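Have a look at the sequence and the model on the screen, and then I'll walk you through the strands and the charged pairs.

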Amino acid sequence: MTLNFPNRSRSYDAAARRIRFVGHDGMFEVPFFVEIAALSAATVTSGAEAEYLSAFDAERSSIQDVAREAYSHGRKNMYVLTQADFR
């Protein structure tokens, strides 16, 4: 199976400073997190939750591409995407 993102929901984890979203591989749910620092600095200025979520939405396609790439390297319980993953 391939990794898909049929559910567009995402949430902000303030304690860990990252956005959580979920992918699906067949019937398996795969949790992903993207660190706030990995979002484009041009779209994040005030540090508000709504701004982080909006920045995630604006970059959703590339974030999902990076998530697919990370997932292709081996199965894990969860994936945390950092700035290094977006180079």
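**Strands and salt bridges**

So, let's start at a turn: S3 and S4 make a hairpin with 2 residues between them, and Gly26 in that turn has a positive phi of about 65°. Before I go on, this is a predicted model, where local features need pLDDT of at least 70, side-chain atom pairs count only at pLDDT 80 or more, and totals for chains, interfaces and linings use all residues. Residues are numbered from 1 along each chain as its sequence is written, and side-chain values use heavy atoms, with hydrogens and water left out.

Strand S3 covers residues 18-25 and strand S4 covers residues 28-35, and they pair antiparallel over 8 bridges. When I say strand or helix, I mean DSSP runs numbered from the N terminus (helices are H or I, at least four residues; strands are E, at least two). Two strands pair if DSSP finds at least two bridges between them. If you want a spot to look at, Val22 sits opposite Pro31 in S4.

S4 also has strand S5, residues 79-81, as a partner: those two run parallel, joined by 3 bridges. There, Val34 has Leu81 in S5 as its bridge partner.

Now the charges. How many salt bridges does the structure hold? There are 4, counting a side-chain nitrogen of Lys or Arg within 4 Å of a carboxyl oxygen of Asp or Glu.

Take Asp57 and Arg10, whose closest N and O atoms are 2.7 Å apart.

Next come Arg75 and Asp25, with a salt bridge at 4.0 Å, N to O. Arg75 is in the loop between helix H2 (60-72) and S5, while Asp25 is in strand S3, so the pair links parts 50 residues apart in sequence. Which of the two is buried and which is exposed? Asp25 is buried at 9% relative accessibility, whereas Arg75 is exposed at 56%. Buried here means under 20% relative accessible area, exposed means over 50%, and partly exposed is in between (1.4 Å probe, protein chains only).

Last pair: Asp65 and Arg68, at 3.3 Å between the closest N and O atoms. They are 3 residues apart in helix H2, so about one helical turn separates them. And finally, salt bridges with shared partners join Arg10, Asp57 and Arg60 into one network.
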